[in-house]
Every structure is written in C-alpha cells, then in structure tokens.
Amino acid sequence: MRILLAEDDPILGDGLRAGLRQLGFQVDWVRDGVAAERELSSADYAAAVLDLGLPMKDGLDVLQALRARKIATPVLVLTARDAVPDRIRGLDLGADDYVVKPVDLHELGARLRSLVRRAHGQMQDTLRCGEVLLEPSARRVSLKGEAVLLSTREFDLLHVLMLHADRVMSREQLEQQLYSWGCEVDSNAIEVHIHHLRRKLHPDVIQTVRGVGYTMLRTQVLA
Amino acid sequence: MTQVQPGQAPLKSLQTRLLVLLLGLVTLVWLAAAVLTWFNARHELDELLDGHLAQAAALLVAQQNTVEDEGMIDAPSLHKYAPRVVFQVFHEDKLVMRSANAELQAMSSTTRGFSTVRLHHDKWRVFATQGAQNDVQVFVGEKIASRSAILWAVMQSVLLPLLINLPLLALAGWWAVRQGLAPLRKLSLQLSQRQPQALEPVVLTAMPSEMRPMVDSLNGLFERIEVMVASERRFTADAAHELRTPIAGIRAQVQVALGAGTDDAQRQHALQATLAGCDRATRLVEQLLTLARLETAPTASAPTSATALDLSAVARRVAADLAPMALTRHQTLTLDAPAPCTIVGNDLLIGVLVRNLIDNAIHYSPEGACIQVNVALDATHVVLQVQDSGPGMTEPEMARLGERFFRVLGHAHPGSGLGWSIVKRIAAVSGAQVQVSRSELLGGLAVSVRWPGQGSA
C-alpha cells in the first residue's frame with residue numbers, strides 16, 4: 001500500500017518512513033503542506049499521514065482543501081496538538097483518524113490498514129476472493145487453507161487487486177498504488193508480477209481484461 | 001486561620017483587643033469622674049457642714065449672752081444623730097453647757113476657728129469661737145466619720161451604677177464590636193473557604209471603606225498570581241506539546257532499529273538518528289529552561305551579575321563559534337565591530353542573545369547567503385545589528401515573532417521557535433530594545449538590538 005507521509009521534522013519523518021516500510025507500506029515523504037496537497041491531489045495514495053504543524057501550509061488547511069476538492073483519500077492526522085478542541089476540529093475537517101505524537105509504529109501501521117480497509121467497505125482485516133485469503137497485518141496469503149509464499153511486490157499487487165475486487169485496475173493504477181518515488185519501474189513489471197502470482201496461486205486467479213487491465217472476482221471458483 | 005509565629009507575641013483577636021480597650025477606657029473615665037466627684041463632694045460637704053458648725057457655735061454664743069449663769073446645763077440628746085454632734089460652752093473657763101456626749105474638758109486647744117481633734121477613738125471636726133468679751137468659749141464638734149459616711153453614700157451612688165453597668169457594657173461592647181467586625185469575619189470566611197486554585201477577585205457586598213484598600217490589594221495580588229499561573233500553565237503545555245515531536249522521532253527511530261532485522265545499515269542509520277533526536281530534545285529542554293529562568297527573572301532590575309562588558313568582544317567570540325556552521329552552508333558571515341562598545345549586562349545572557357540572532361540568520365538563510373553582523377555606537381545607543389540575505393519576513397510574521405513556539409512557515413530548518421522568545425526576554429532583562437525590519441543592505445531580515453550607551457571604553 002502506498003502511503004503519503006507529510007511531516008516536517010527530519011528525524012521523525014525519516015523514522016516513520018523507514019518504520020512504515022518495514023511494515024510493508026510504500027511511503028512517499030513530503031515535508032511541507034503545499035507538497036502534501038499537490039501529491040494527494042495528483043496521485044492515488046491508499047492513505048496519508050498528515051502532521052498539522054507543517055511549513056508553507058498548515059495540515060488542517062491541506063485537509064480542508066482536499067476534502068473541498070472531493071479527494072477522499074483516508075487521512076490520519078499525526079500531531080503534537082493534543083487538546084480536545086484540536087482533535088474535534090481535525091476530525092470535523094475530514095480527518096479519518098487523529099493520533100497524538102508519539103505513536104507506536106505498529107499501532108500506526110494498524111490504524112493505516114484499518115483506514116484503508118474501511119475506505120474499501122471491508123469489515124475485517126482478512127480479504128477473501130473465493131478460496132484466496134489475504135491477511136494484510138500478518139502479510140500472509142493462503143489458497144484453499146494452504147500458505148503461499150509471495151515476494152513483497154507480489155503480495156502488494158495481490159493486496160491491491162483484492163482490495164479492489166470486482167473492479168478492473170489498469171496497469172497505471174496498479175503502478176501508482178505499488179511504487180513509491182525513486183522506484184525504478186520496468187514497463188512490464190506489473191505483467192511479470194501477475195505472471196508470478198498466477199504461477200504460485202492458480203492460472204485463473206487474476207483475470208485479464210484486454211486493453212483495460214486486471215481484476216479479481218470476489219466469488220471466483222478455481223478449478 | 002490564627003497563626004502564631006514562634007518567637008512572636010501571640011496576636012490577640014481584634015475583637016478582644018477592641019473590647020479590652022473600650023472597657024478599660026470606660027472604666028478609667030468613670031473612675032476619674034468618681035475621683036473628681038469625691039473631691040468635689042467632700043469640699044462642698046465640708047463647706048456646708050463647717051458652715052453649720054459655725055452657725056451652731058454662733059447661736060450658742062448668742063444664747064450664752066442672753067441666758068444668765070444657771071450652773072451647768074446638759075442638753076438632752078433629741079435625735080438619733082445627736083451623738084454625732086457635740087458642743088461645749090464655757091463661761092469664764094467654766095463649763096456651763098454641753099451636749100450629753102460632751103466631755104468636761106475643752107475639746108480643742110484651738111480657741112478660735114476650725115480644728116480636727118482626736119477624742120477617744122474618733123476624729124472630730126471642731127469649731128471654736130469666743131464671745132465678744134472673750135469670756136464665753138464655745139466648741140462645736142462633729143464626728144468626721146459622719147461626714148465620711150455622707151461622702152461614701154454619695155460615692156456609692158456614683159460607683160454602684162458603674163459596677164452594675166460594667167458587665168452590661170462589656171456585653172453590649174462585645175456585641176457592638178462583633179457587629180462592627182462582621183465584614184472582616186465575612187472576608188476571612190470567604191478566604192478560608194477558597195479552593196487553593198481559586199484566584200477570582202474577592203467580592204464583598206457593602207464593604208466598609210476601611211477594608212477597601214486591603215481587599216483591593218488582595219485582589220491585585222490574586223490578579224498577578226493568576227497571570228503568573230496562566231503563563232506558567234501555558235508554558236508547561238507549550239513545552240509538553242513541543243517535546244512530543246522529538247520524542248515521537250526518537251521512538252520511531254528506535255522501533256525502526258528494533259525492526260531492522262538483518263539490515264545493519266538501516267539499524268545503524270536509525271540509531272544515529274535516535275542520537276540526533278536525543279540531542280535535539282536536549283537542546284530544546286535547555287532552551288526551555290533558559291526561557292523559564294528568564295521568565296522568572298525580574299524585569300525591572302538588571303540581573304545581579306550584570307557587569308560592564310564589551311559587546312564587540314562578545315560578538316567576535318560568538319561569530320567565531322558559529323563561523324564553521326556558516327561555512328558548511330557556504331554562507332559568508334561578516335563581522336564589523338571596529339571599536340569596543342561597552343554595555344551593562346550579564347556576559348552569559350548577552351552571549352546567548354547574540355548567538356541566537358546569528359544562529360537564526362544562518363539557519364533561516366539559504367546556502368550561499370550573506371550574513372552581516374555590526375556592532376556600532378550611535379549618538380545615544382550601542383547597536384547590534386544582524387542582517388541576512390535570506391527570504392526575510394512579512395509584516396504579520398514580524399509582528400508574531402517572539403511568540404513562544406511561533407515558527408515562520410516555509411523553512412526547512414526545524415527550529416523550536418524558542419530562540420526569539422529568548423532573545424526578546426534577554427533584551428527586556430538587560431534594558432535593550434529589539435527591532436525587526438527588512439534589511440536595506442542584504443534584502444533579508446535585519447534585527448537591531450539597542451542598548452543605552454555607556455560610551456566607548
């Protein structure tokens with residue numbers, strides 16, 4: 001899952017980026033409000049971690065601007081402002097979660113997963129398409145009850161496809177969701193990962209819609 | 001609420017004091033009146049009764065002139081008071097008439113006028129007179145005790161009401177004093193029932209004018225304490241708030257290090273970052289403490305350790321300290337302090353002020369910028385000016401500068417926003433004025449600090 005991190009403190013930002021990466025997130029880090037707004041409006045992030053005391057543009061202003069432009073990306077506000085009125089204002093302006101610093105990395109990860117899950121109308125942590133089961137928190141995948149070992153990219157790709165089950169995802173959409181900045185993306189990288197997934201799981205696990213993209217069906221039955 | 005300090009005379013209650021004073025004074029006045037009455041009454045009584053004695057003596061003399069010698073007559077005692085009065089009439093040294101209780105010898109050796117004699121066990125007031133031919137000698141005496149009895153009776157009528165009234169007066173006085181002190185008691189009750197945190201002003205309905213200054217100064221004190229407590233609370237809240245970010249950074253980095261697994265480079269990086277985070281938190285705490293110490297320092301009086309010092313020398317020292325940092329940012333740091341400029345201040349604090357100004361200029365100006373530090377003497381002031389070619393500030397930003405934790409947006413440098421508060425505070429403590437403007441010379445920010453001049457040394 002690709003996350004935007006907006007934090008101006010170099011040590012905290014660096015720590016959060018590294019920590020969230022360890023937890024399997026793709027993290028893009030911006031250090032000011034203007035950049036945060038620009039990135040969130042232009043790219044497809046699964047969620048955002050937003051500090052409020054950002055240079056150039058305050059976090060709450062960024063949030064307000066995003067929501068005004070109907071950008072529904074789940075936003076977790078991570079701030080030192082712990083007063084109740086601040087929290088209320090943050091949530092009312094469109095924050096999906098409000099966390100006061102300092103925060104435990106694992107908790108932050110869980111909250112982000114929860115935000116993404118809710119954004120996709122998911123009730124539980126576990127995603128299911130037919131007999132394929134994916135647990136984002138444990139980063140485990142199983143087919144017909146048997147664990148399947150996947151690489152990080154393969155897992156992330158499967159995760160995105162299952163999150164958007166029954167919807168066709170274009171290659172560009174998948175790339176946007178999978179690769180943070182600075183990642184060298186081969187033009188056929190997605191096809192390669194799809195190929196691997198089909199090999200490791202089942203040839204029919206991912207459907208190709210020619211000229212459009214890929215999809216997984218929630219009710220698929222694999223022979 | 002009564003507190004007795006050891007080694008100090010216990011303070012009686014105001015009520016007791018007033019009551020004792022009141023009753024004491026009343027008794028004193030009354031007693032003075034009684035003494036006056038005593039002397040007055042005795043004098044009047046003596047005059048009256050002496051008059052009577054003289055009158056009686058005159059009568060006896062006159063009678064003796066008309067009555068022929070018929071031997072000695074013992075006048076009968078006709079009234080129960082008669083034994084208190086005595087008379088003797090001598091004719092040619094022969095006792096011719098006497099009262100029943102009179103002796104045979106002359107009562108007094110004085111032959112004319114008043115005298116006081118002692119007969120048997122009583123003192124007598126005796127009036128002696130003689131007839132025209134000096135053949136008749138009359139003595140009329142009266143027991144002094146009977147006079148005293150009258151006097152006592154008079155005095156009793158004066159003192160008795162006092163004795164009866166004094167307890168009544170004490171009671172009335174107690175009640176009156178108590179009524180009079182009611183507002184004071186009300187105030188003390190209100191104060192004693194106060195929560196320790198309650199700092200709202202004391203409001204008394206129908207407050208006596210004598211209490212107004214006390215209550216007013218009390219309320220003034222409450223107000224000052226409230227301001228102090230509020231600033232203290234805000235400071236604590238701000239500090240706690242401001243420390244969250246470095247702590248969050250340290251926490252995140254430690255968790256990254258813990259989760260690095262076999263990635264040694266990542267662990268190393270995270271641990272280094274943790275260390276940097278600790279340093280930053282430490283610096284922040286130091287700044288907070290400096291500020292806290294400065295805030296409690298009295299503004300009016302200069303710090304105790306203030307001495308005459310050369311601002312140029314301080315600026316040179318600080319600039320030398322900070323020059324390496326400017327160099328790593330490819331900035332040009334220039335100091336122009338040709339002559340020694342003496343100001344009065346605390347060497348350490350002035351150093352902190354200069355350091356903060358130059359440090360800010362370095363950090364908030366981009367790489368390759370110019371920073372110019374001037375120390376100069378104008379007609380009346382010693383002026384320290386720090387200018388830079390950085391982005392400067394807008395008017396509203398300049399106005400908000402020095403608010404605790406206020407940071408100008410748009411800077412990559414993570415400051416705590418405390419530096420300015422410290423600069424402002426030190427300037428206030430050492431009697432200097434701070435001015436922020438756009439630098440004419442370099443286009444960035446220009447900060448001037450002006451001390452009242454001591455002349456060049």
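## Exercises on a predicted model

B:Lys143 is partly exposed, with a relative accessible area of 23%; this class lies between buried (under 20%) and exposed (over 50%), with a 1.4 Å probe and protein chains only. The model is predicted: local features need pLDDT of at least 70, side-chain atom pairs count only at pLDDT 80 or more, and totals for chains, interfaces and linings use all residues. Residues are numbered from 1 along each chain as its sequence is written, chains are lettered from A and ligands numbered from 1 in the order in which they are written, and side-chain values use heavy atoms, leaving out hydrogens and water.

### Exercise 1. Salt bridges within chain B

Determine which residue B:Lys143 meets in a salt bridge, and which residue pairs with B:Arg267.

*Solution.*
1. The criterion is a side-chain nitrogen of Lys or Arg within 4 Å of a carboxyl oxygen of Asp or Glu. For secondary structure, helices (H or I, at least four residues) and strands (E, at least two) are DSSP runs numbered from the N terminus.
2. B:Lys143 meets B:Asp122, with 3.7 Å from N to O. Since B:Lys143 belongs to strand β6 (residues 136-143) and B:Asp122 to strand β5 (residues 122-130) of chain B, the pair ties together parts that are 21 residues apart in sequence.
3. B:Asp122 is likewise partly exposed, at 31% relative accessible area.
4. B:Arg267 pairs with B:Asp264, and their closest N and O atoms are 2.7 Å apart. About one helical turn separates the two, because they stand three residues apart in helix α5 of chain B.
5. Shared partners also link B:Asp46, B:Asp50, B:Arg125, B:Glu142 and B:Arg147 into one salt-bridge network.
6. Over all chains, the rule counts 29 salt bridges.

### Exercise 2. The interface of chains A and B

State how many residues each chain gives to the contact, how much area is buried, and how many salt bridges cross the interface.

*Solution.*
1. With contact defined as heavy atoms within 4.5 Å, chain B gives 23 residues and chain A gives 24 residues.
2. The size of an interface is often given as the accessible area lost when the parts come together. Buried area is that loss (1.4 Å probe), summed over both parts. Here the value is about 2000 Å², and carbon and sulfur atoms give 58% of this area.
3. Three salt bridges cross the interface. One of them joins B:Arg244 to A:Asp82, with the closest N and O atoms 2.5 Å apart.
4. B:Arg280 and A:Asp9 form a salt bridge at 2.5 Å, N to O. This pair joins two chains, because B:Arg280 lies in helix α5 of chain B and A:Asp9 in the loop between β1 (2-6) and α1 (10-22) of chain A. Both residues are buried.
5. A polar contact requires a pair of N or O atoms within 3.5 Å; within protein, one must be able to donate a hydrogen and the other to accept it, and residues adjacent in sequence count only if both atoms are side-chain atoms. Across the interface, 14 residue pairs, both members at pLDDT 80 or more, are in polar contact.
6. On the side of chain B that touches chain A, α4 (212-258) and α5 (264-296) each supply at least two residues. The largest share, eleven residues, is from α4(B).

### Exercise 3. Nonpolar cores

Identify which residues have the most contacts inside the largest nonpolar core.

*Solution.*
1. Such a core is a set of buried Ala, Val, Leu, Ile, Met, Phe, Trp, Tyr and Cys residues joined through side-chain atoms within 4.5 Å.
2. The largest has 58 residues, and A:Leu112, A:Leu158 and A:Leu161 have the most contacts inside it. Helix α6(A) gives the most to this core, seven residues.
3. Apart from neighbours within four places in sequence, A:Leu161 contacts A:Met169, A:Leu174, A:Ile194, A:Ile206, A:Tyr214 and A:Met216.
4. A second, separate core of 46 residues includes B:Ala326, B:Cys341, B:Ile422 and B:Val447.

### Exercise 4. Backbone geometry

Locate the cis peptide bond at A:Pro102, and decide whether A:Asp166 and B:His330 are partly exposed or exposed.

*Solution.*
1. The cis bond joins A:Lys101 and A:Pro102, with omega about -5 degrees. A:Pro102 is in the loop between β5 (97-100) and α5 (105-119) of chain A.
2. A:Asp166, although not a glycine, has a positive phi of about 70 degrees. A:Asp166 is partly exposed, at 45% relative accessibility.
3. B:His330, also not a glycine, has a positive phi of about 60 degrees. B:His330 is exposed, at 56% relative accessibility.

Definitions and conventions
Buried area = accessible area lost by both parts, 1.4 Å probe.
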